[in-house]
Amino acid sequence: MLVIYGGLFFALFIRIFYIQSTGEINGQQLEAKAAALYGKEAVLTAERGKILDRNGGIIAEDTLSYRLVAVVNPEATVDDKEPRHVVDPENTAKVLANYISMEESEIYKILTKKLSDGRTPYQVEFGVAGRSISHEIMSAIKSEKLPGITFASDSTRYYPNGPFASHLIGFALKEEQEDGSFHTVGKMGLEYTYNKELTGKNGSMQYESDIFGYLLPNSEKVITPAENGDNIYLTIDKTIQNFLEESMTNVYKEYNPESMIAVVADPKTGEILAMSQRPTFDPDTREGLDSWNNDIIESVIEPGSTMKTFTLATAIETDNWYPGATYQSGSYTLFGDTIRDHNQRGWGPITYLEGFQRSSNTAMANMLEYIGNDTLIEYFKKFGFGEKTGIDLPGEASGTLLTNWPINYVTTSYGQGSTVTPIQLVQAMTAIANDGEMMQPYVIDKIVDSTSGEVIKDEKPTVKGKPVSEETAKQVREILASTVTSEAGTAKSFAIDGYEVAGKTGTAYIPKSDGSGKYLTGNKNNYLYSFLGMAPADDPQLIVYVAVKKPKLGATEVGSAPVSQVFTSVMQNSLKYLNIKPEDVAQVETTKMKEYLGENAQNVQIELENSGITPIVIGDGGQIIDQYPKKDLAITKGSIVFLKTEGSVTIPSFENWSLRNLLVYKMMSGLSIEIVGEGYVESQSVSANTVIGEGSPIVVQLRTPEETYSSPPAEEPATEGEELPQD
């Protein structure tokens, strides 16, 4: 027996020694099997990059949400009185069906499914339906007190502004991948176009756990950090975009048009400051999403009389403009084809200047005889018509300059027959507003690494060409301004108090959808009404294009009514928001900002005040370590200049500060300032001249000019025996 047991022990010893030295048993690596059994890998989810406006305001970002998890394995329950797994799958499925987008029967199948080997899984999830759950829904499900139902933190794409340039921004959704993981994927707009830049790279954490997934003590963790997506800054200005959205919503509700489009641009740079269309949708819920097209970029229109702007510019540039000469208005016939003025009868013999002010089609037809067909098309191409602008957005259409028949040249001169995109009209108008230089439109300001802050891509203004001279551009602006101020002008309703507007109205026939080549007729609701304008006329700071298709007009209303409501509201509020005073911008005296770094703040403060400039010192004085604006930037009298020094910060009065100045102060001071609202500062939670530390919160309330002017001042109650004044 001793020999037998001794032999068995020796054989066992040899076997253990062999396993320890080779790490194998029956040809299989034990280390690998252990790693497979106990080794786990958790995904560290990368955050999708943010989409922000030009001032850093959030347009789209990831936000906290919840993922629904059901623990279904009975082994998770230690005490039967407090079950930690789903005890009643049927009832649980019935309750959950009230909260998530999944049928009760499907939920039941998930709760009762088995693994391939017949075992019960520890926990299950519910795919897309169980993800991106809001805190409100999560709390409601928790209140049902369903055993085994729990939640894990998740993220979802959030659009805090609701319908806001929705066809430009687009939306992104969580989608299940082939490996069973979920990723946020851009489905439309910038979210789709720049999905690669916005999408980060998930990291991982490798660790050892027990059979239930709990971390084993003293086990090593190997962490590969997640790489978050890049942040994309747009040229869009949230405040101007909000002006546009609000105005378009009001007009859309009042006139119920088939569609609307509008663009606001900076003519000096080509930056798109606002862009919207109707119908629109909420990117969070996709409610209202009927069309995936960004009509400003991807759809073509027959623009109508707004094209007369560029026919006029061509005539002036080629020395074929005779404003005092007369022609017979009413009708014009070419080889049997007759075109007419919009009132069908004309105004008798009138000058070409009056013809332009009245938006006469026959004026353009007669002018074309001087200009020449080929010259007109040559200049229209110089203005960018017939080809894509090259804006940094996908799906751009190019439009068509129709030249098949002689009459096509005539109709093209006043905006019918040939097609353009709204963004082409805006690009072409920059040449008129910018003294002949045509600027390429763009919407991406910069792309920034969200971790390091490194600017990966920085867009700059691009000059597309110079279709006309500075002198021609100025003369065109003067004539466009006369359509607003002249008694004969068609754009009188587009005038704005304090600012001179220059622009051109448009009333375009709409082609029938049956492909017949004929136009809709019958009543005044069957047209595309538009306006392409700029202000101030002498030195335009903004271009606004608005078009309203088939509005439901009142019996006495004209087509310009809904268009002018949008234009005047957006243009006036935007000019005031940008601190463009109601004076002639071109004549404002400017001076170059000096370099003040290293100088004494008190001395600089006196110098600036003597120059009519308002200095704001951030710190307790002494040597200047930072300044805004920087050296050589142009500043005007009344401007605010920020000078930063060391030391504690004394809060100034923010009264009537613009959002832009407030953001500069917040950035330079490093203070925790919560900004509520848009427009100009109305109130602040901390009084002026208060010394404050970096951690102390400050709330600043802003109001738009529209809110300010629409709210009447509060009336004080009359004292006894005093009569209130009567109107």
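**Figure legends: whole chain and close-up views**

The protein chain exposes about 36,200 Å², of which carbon and sulfur atoms supply 49%. The model shown is predicted.

**View 1. Overall content of the protein chain.** The protein chain holds 21 helices and 35 strands. Of its 727 residues, 46% are buried. Among contacts in the protein chain with a separation of 6 or more, 68% are accounted for by residues 24 or more positions apart.

**View 2. Ile 232 in strand E12.** Strand E12 covers residues 231-234 and includes Ile 232. Ile 232 has 2% relative accessibility and therefore counts as buried, the cut-off for buried being under 20%.

**View 3. Surroundings of Ile 232.** With residues up to four places away in sequence left out, Ile 232 touches Lys 50, Ile 51, Leu 52, Tyr 194, Leu 198, Ile 444, Lys 446 and Ile 447.

**View 4. Ile 232 and Lys 457.** In sequence, Ile 232 and Lys 457 are 225 residues apart. In space, the C-alpha to C-alpha distance between Ile 232 and Lys 457 is 9.4 Å.

**View 5. A negative surface patch.** Asp 88, Glu 90, Glu 103 and Glu 104 form a negative surface patch. One of these patch residues, Glu 90, lies in helix H3, which covers residues 89-96. Glu 90 counts as exposed because its relative accessibility is 56%, and exposed requires over 50%.

Note on methods
Residues are numbered from 1 along each chain as its sequence is written. This is a predicted model: local features need pLDDT of at least 70, side-chain atom pairs count only at pLDDT 80 or more; totals for chains, interfaces and linings use all residues. Side-chain values use heavy atoms; hydrogens and water are left out. Helices (H or I, at least four residues) and strands (E, at least two) are DSSP runs, numbered from the N terminus. Buried means under 20% relative accessible area, exposed over 50%, partly exposed in between (1.4 Å probe, protein chains only). Contact means heavy atoms within 4.5 Å. Patches are made of residues with over 30% relative accessible area and no salt bridge: like charges are joined within 9 Å, nonpolar side chains (Val, Leu, Ile, Met, Phe, Trp, Tyr) within 5 Å. Accessible areas come from the Shrake-Rupley method with a 1.4 Å probe; for residues, only the protein chains shown count as cover. A salt bridge is a side-chain nitrogen of Lys or Arg within 4 Å of a carboxyl oxygen of Asp or Glu. Lys and Arg count as positive and Asp and Glu as negative; His and the chain ends are not counted. The place of a charge is taken as NZ of Lys, CZ of Arg, CG of Asp or CD of Glu.
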